[in-house]
Amino acid sequence: MARNFHMFTHKTTDSLHIKLTGDLDGSSASELANFLANNQNKYYQIFINTKDLKSIYPFGVDVLQHSLADIKKQGAGMIFIGKNFGLSLN
């Protein structure tokens, strides 16, 4: 995992907000995917704010895309927001 990667969370009654900071590499993406998989059935919507990501590595995007394909079929709606929301994560 990138040393500077962090996930900050805020929970409401039916939604989870995740703020990502630092670099998104393969292991960071895997950590995020595992977190999402473990929380997908607990919330109606999950908001992922990418505004404060500094670097986004192609392998990290690939890992996240692959993981999200399975996660999206089973749980909460995920909404990516922030200046880096267009990471082709759909």
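Predicted model: local features only at pLDDT ≥ 70, side-chain atom pairs only at ≥ 80, totals over all residues.
Residues are numbered from 1 along each chain as its sequence is written, and side-chain values use heavy atoms, without hydrogens and water.

I took helices (H or I, at least four residues) and strands (E, at least two) as DSSP runs numbered from the N terminus; two strands pair if DSSP finds at least two bridges between them.

β1 and β2 pair in the antiparallel sense over 6 bridges, and a hairpin of 3 residues joins them.

I then traced the whole sheet: 4 strands form an open, mixed sheet in the order β1-β2-β3-β4. β1 (6-11) and β4 (77-81) stand at the edges with a single partner strand each, so one side of each has no neighbour in the sheet.

β3 (residues 45-56) pairs with β4 in the parallel sense over 5 bridges. Here I found Ile-46 opposite Met-78 in β4.

I next examined helix α1 (residues 26-39), which packs on the sheet and touches β1, β2 (15-24), β3 and β4; contact means heavy atoms within 4.5 Å. The direction of α1 makes about 170° with that of β2, with axes fitted to C-alpha atoms, for helices over the stretch in contact, and angles running from 0 to 180 degrees between N-to-C directions.

Finally I listed buried residues (under 20% relative accessible area, 1.4 Å probe, protein chains only); in α1 they include Leu-32, Ala-33 and Leu-36.

Technical notes. Buried < 20%, exposed > 50% of the residue type's maximum accessible area, 1.4 Å probe, protein only.
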